[in-house]
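Here is a friendly note to read with the model open beside you. Take the points in order, and find each residue in the picture as you go.

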Amino acid sequence: GQAPNHRILLIAALRCSDTARQTSLRSPPPSQSVLGIPASCRLSRAESELRCRVPGGKLCNDRGRCECGVCICQVTESGKYYGPLCECHDWVCETYDGNVCAGTCHCGRCKCANPEGNGLVYGKFCECDDRECIDDETGEICTGHGKCYCGNCYCEAGWHGDKCEFQCDITPWEIKKRCTSPDGKICSNRGTCVCGECTCHDVDPTGDWGDIHGDTCECDERNCKAVYDRYSDDFCSGHGQCNCGRCDCKEGWTGKKCEHPRSCPMSVEESTKKCQGNSNLPCSGRGKCECGQCTCFPPGDNRVHGKNCECDDRQCENADGKVCGGHGICSCGRCLCQDGWFGKLCQHSRKCNMTEEESRSLCESADGVLCSGKGSCHCGKCICSPQEWYISGDFCECDDRDCDKHDGLICTGNGVCSCGNCECWEGWNGNACEIWLGREYP
C-alpha cells in the first residue's frame with residue numbers, strides 16, 4: 001500500500017527540480033556570475049576585461065577566464081598556468097643537477113633566496129652561493145685578497161688558499177716566472193699556479209698521476225693517443241713510447257702517433273687521406289687507420305660500419321636503446337620512418353588529437369615564444385629546424401655545439417649531446433665521453 005505514495009513523492013520532486021532549473025535559467029541567484037562577472041563585483045564588464053587583458057589583446061592569455069578583473073587560470077594535464085594573467089607554465093623551470101633550481105621556481109625563472117638582500121645567491125639556477133667565499137675570521141669575501149665567482153675565490157697575486165687567507169713568501173714576479181711554461185703560458189693553460197707551483201688539471205680519473213704533468217703542466221700524454229687508443233691503455237698506437245706528449249716510435253713504425261707501418265707502400269699522408277674519405281678525420285674518428293684501411297671500433301660492435309667507419313647506427317637509438325622508436329629502420333646512422341611517423345628518431349606521429357590552440361600553448365616557452373623561434377610546433381611538441389642540426393631541447397632552446405669535443409668530435413662519438421652536456425654511453429666517462437672506464441675491452 002506504500003508504493004503509490006512513493007510515486008507521488010517522486011513526481012513532485014521531479015516537478016520541483018524542473019521548476020528550479022527553469023527559474024535558474026531566468027534569473028541567477030546573487031552568488032552566481034553574469035557574463036563571467038560575479039554579482040558582488042563592482043566593476044563593469046569592460047573594466048573587468050581591461051584588467052585581464054594582456055598587451056596582445058588576449059584575455060588571460062587564452063588560458064583562463066576573467067572574473068571581476070582577476071584571471072582564473074585553467075588547469076590541463078601537462079601542467080597548470082599561473083601568474084596574474086595566466087602567462088606562466090609551472091613546468092618551464094629548467095633543472096640543475098636533477099633539481100628544479102636551488103631557489104624558487106616562478107614563471108619559468110629561478111628566484112634566488114637572498115634574505116639579507118646582498119645578492120650573494122645568484123645564477124640561472126641559483127646554483128652560485130658566494131657566501132661560501134666569506135672568511136669566518138674576518139667576515140670578508142676572500143679575506144679581501146681576491147674575487148669570488150660562483151662560490152670560489154680567485155686570489156690576487158701573492159695570496160692563496162680556499163679563501164685567499166695565506167700569503168706567499170715569494171714575490172709575485174717570482175711566482176709568475178716559476179709557473180710560466182716554455183711556450184710562455186701560465187701552467188701551459190692546463191693548470192693553476194699557487195705560490196710558484198703548478199697544480200695540473202688532471203682529466204683522467206683512471207690514472208695514478210694523470211695524463212697532464214710536468215713542472216709547468218707542459219706534458220700532455222693525451223697527445224700520444226689516437227682516437228681508437230681510447231679503448232686501451234696503449235700509447236702511440238702500441239708501437240712506441242710517450243715522452244711528455246710526443247711519441248718515440250719503435251723500429252718499423254712511423255707517424256705522429258706511430259700508427260703507420262714502414263712496410264706500407266703508401267706514405268703517411270696517402271694512408272690518412274684514403275682513410276678519411278669524405279670525413280674530416282681518418283676513419284670518421286671511429287676507427288683505426290693502418291696503411292689506408294679502416295678497422296672500426298668498438299671491436300665486435302657492428303653498429304659502427306662502412307669503408308671509412310662513416311656509419312654509426314648508435315645515432316638511431318634513443319636513451320632506452322630503442323631503434324628509430326620502433327617506427328622505422330636505421331640506415332647508416334639515419335632513421336627511415338614508416339608511414340605516419342616522422343622525426344630524427346621517428347618519434348612523432350602525424351596524427352594529432354588536439355586543437356591548434358592546445359598544441360601551441362604546449363610549445364610556448366616562458367617568454368611566450370613558440371619553440372624559441374627555432375622550430376615548428378606539432379601536436380604540442382617542438383620540432384627543431386633540421387637545417388640547424390645543433391638545435392635541440394623540448395623548446396628548441398639548446399645548442400649542441402656547446403657540448404665538449406675531443407679529436408674534433410662532439411662527445412667523442414661515444415655519447416649524445418643533450419642541451420650542451422654530453423650523455424655518455426655505458427662504459428664511457430669524461431666531459432666529452434673521451435675516457436673508457438668499462439671493465440672489459442669494448
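The points below start with the whole chain and then move to single residues and pairs.

1. Please keep in mind that this is a predicted model. The protein chain has 442 residues, and 33% of them count as buried.

2. The accessible surface of the protein chain is about 27600 Å², with carbon and sulfur atoms making up 48% of it. If you take the contacts between residues at least 6 apart in sequence, 27% of them join residues at least 24 apart.

3. Now look for salt bridges, of which the structure holds 12. Side chains of opposite charge can pair when their charged atoms come close.

4. Asp220 and Arg190 meet through their side chains in a salt bridge of 3.5 Å, N to O. Asp220 belongs to strand 21 (residues 219–220) and Arg190 to the loop between helix 3 and strand 18 (191–194), so this pair ties together parts 30 residues apart in sequence. Is Asp220 buried or exposed? Asp220 counts as buried, because its relative accessibility is 5% and the cut-off for buried is under 20%. Arg190, with a relative accessible area of 23%, is partly exposed.

5. Arg286 and Asp312 form another salt bridge, with 3.4 Å between the closest N and O atoms. Here Arg286 lies in the loop between helix 4 (268–276) and strand 26, while Asp312 is in strand 29, so the pair ties together parts that are 26 residues apart in sequence. Both Arg286 and Asp312 are buried. Elsewhere, a network of salt bridges links Arg45, Glu49 and Arg53.

6. You will find Asn308 in the loop between strand 28 (304–305) and strand 29 (311–312), and at 13% relative accessibility it counts as buried. Its C-alpha atom is 4.5 Å from that of Cys283, although the two residues are 25 apart along the chain. Beyond its neighbours within four places in sequence, Asn308 has contacts that include Lys274, Gln276, Cys283 and Cys294.

7. Which non-glycine residue has a positive phi of about 55°? Cys291 is one of them, in the loop between strand 26 (287–290) and strand 27 (293–296). Cys379 also has a positive phi of about 55° without being a glycine, and its place is the loop between strand 34 (375–378) and strand 35 (381–384). Cys291 is partly exposed at 23%, and Cys379 is partly exposed at 23%.

8. His348, in strand 33 (residues 348–349), is buried with a relative accessible area of 10%. Among the residues His348 touches are Trp341, Phe342 and Ile383. Asp136, by contrast, is exposed at 73%, and its loop runs between strand 13 (128–129) and strand 14 (146–149). Together with Glu137, Asp162 and Glu165, Asp136 forms a patch of negative charge on the surface.

How values were computed
Residues are numbered from 1 along each chain as its sequence is written. This is a predicted model: local features need pLDDT of at least 70, side-chain atom pairs count only at pLDDT 80 or more; totals for chains, interfaces and linings use all residues. Side-chain values use heavy atoms; hydrogens and water are left out. Helices (H or I, at least four residues) and strands (E, at least two) are DSSP runs, numbered from the N terminus. Buried means under 20% relative accessible area, exposed over 50%, partly exposed in between (1.4 Å probe, protein chains only). Contact means heavy atoms within 4.5 Å. Patches are made of residues with over 30% relative accessible area and no salt bridge: like charges are joined within 9 Å, nonpolar side chains (Val, Leu, Ile, Met, Phe, Trp, Tyr) within 5 Å. Accessible areas come from the Shrake-Rupley method with a 1.4 Å probe; for residues, only the protein chains shown count as cover. A salt bridge is a side-chain nitrogen of Lys or Arg within 4 Å of a carboxyl oxygen of Asp or Glu. Lys and Arg count as positive and Asp and Glu as negative; His and the chain ends are not counted. The place of a charge is taken as NZ of Lys, CZ of Arg, CG of Asp or CD of Glu.
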